[in-house]
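Trainee: Could we go through this model together? I would like to begin with the terms.

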Amino acid sequence: MPLDQSFIGRSWPPTEPYLVGREKIREFARAIGATDAEYLDPEAARAIGYADVVAPPTFPVVFTMATSRQIIEDPVLGLDYSRVVHGDQKFAYSRPVVAGDALVCVNSVEEITSRGGHDFLTTRTEVTTEAGEPVLTVWSKLVQRGEEQS
Amino acid sequence: MSEAAQAQTFEPQTFRVTRADLVRYAGASGDFNPIHWSERIATGVGLPGVIAHGMFTMALVGRAVTAWAGAPDAVVEFSVRFSRPVPVPDTDEGTEVVVTAAVKDVAADGNTRLSLTATCRGEKVLSLAQAVIRKR
């Protein structure tokens, strides 16, 4: 079943703030094998001008993947998650995420297309502080593979 | 583009990936999709076996980019397309992902756009992979 085209351009209310923890950044940095002092040591991060440890570039997926469920789990959209693979991912940063940030996500559907029996869904997430300071924008393209022809 | 920018070279970066890395990344990222830890479920959906999280591969490429940039906060933009899975065998050695870069262009503000490649067993696993790094 094709995805509901009426979702294109729709946006959702801001999510509850995600509080970025120092230990969560450290845990994520260690999980990807990153050893930069600025990810682990608040003093090293302060030395380059940040209030606390900074997060590696892909850290925001920790909260953006969770918040995008408000789109992909909407039954009206018609996405069958068992057939979904991750197509594209893009981040554009105003500044790095820093421990202590309370970040709000506004999700929207930027594009829905169909090609070769597959459906493509591009979501866009604007990540700001609670005060509205832009931090980054995240785009994710999901591919729903066509159902097997028997 | 200046000759200096074009001549800039980037030492390829090699990352070893084992099943233990995938389990740890699942926990740290919150992505518990079983195709990244269960052979049974991965092969059941037609994959060659357990595969790495695309976002784990992207994180490794991010490590390479920040290392080349010389600063953990230098990345302005970062994008990839996941074109091929990274199978991770259940062995002590696991597999390897090799990341390379070339300068694509240098903007008027000094920001550098890198064209990136990531390969596993000689095959490209990403396409359209790019990063923009801030002038230091």
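Mentor: A residue is called buried if 20 or more other C-beta atoms lie within 10 Å of its own, exposed if 12 or fewer, and partly exposed in between, with C-beta atoms placed from the backbone. Helices (H or I, at least four residues) and strands (E, at least two) are DSSP runs numbered from the N terminus. This is a predicted model, in which local features need pLDDT of at least 70 and side-chain atom pairs count only at pLDDT 80 or more, while totals for chains, interfaces and linings use all residues. Residues are numbered from 1 along each chain as its sequence is written, and chains are lettered from A and ligands numbered from 1 in the order in which they are written.

Trainee: Is α4(B) mostly covered or mostly exposed?

Mentor: Mostly covered, as 14 of the 16 residues of α4(B) are buried.

Trainee: And what follows α4(B)?

Mentor: Gly70(B) does, with a positive phi near 80°.

Trainee: Which residues does Val61(B) touch?

Mentor: Leaving aside residues up to four places away in sequence, Val61(B) touches Val80(B), Val99(B), Leu116(B), Ala118(B) and Ala129(B). Contact requires C-beta atoms, placed from the backbone, within 7 Å.

Trainee: Changing topic, how many residues of each chain are in contact with the other?

Mentor: 24 residues of chain B are in contact with 27 residues of chain A. On chain B, α2 (19–29), α4 and β2 (75–82) each supply at least two residues of the side that touches chain A.

Trainee: How do β2(B) and strand β2 of chain A pair?

Mentor: They pair in the antiparallel sense over five bridges; pairing requires that DSSP finds at least two bridges between two strands. Val80(B) is the bridge partner of Gln89(A).

Key
Contact = placed C-beta atoms within 7 Å.
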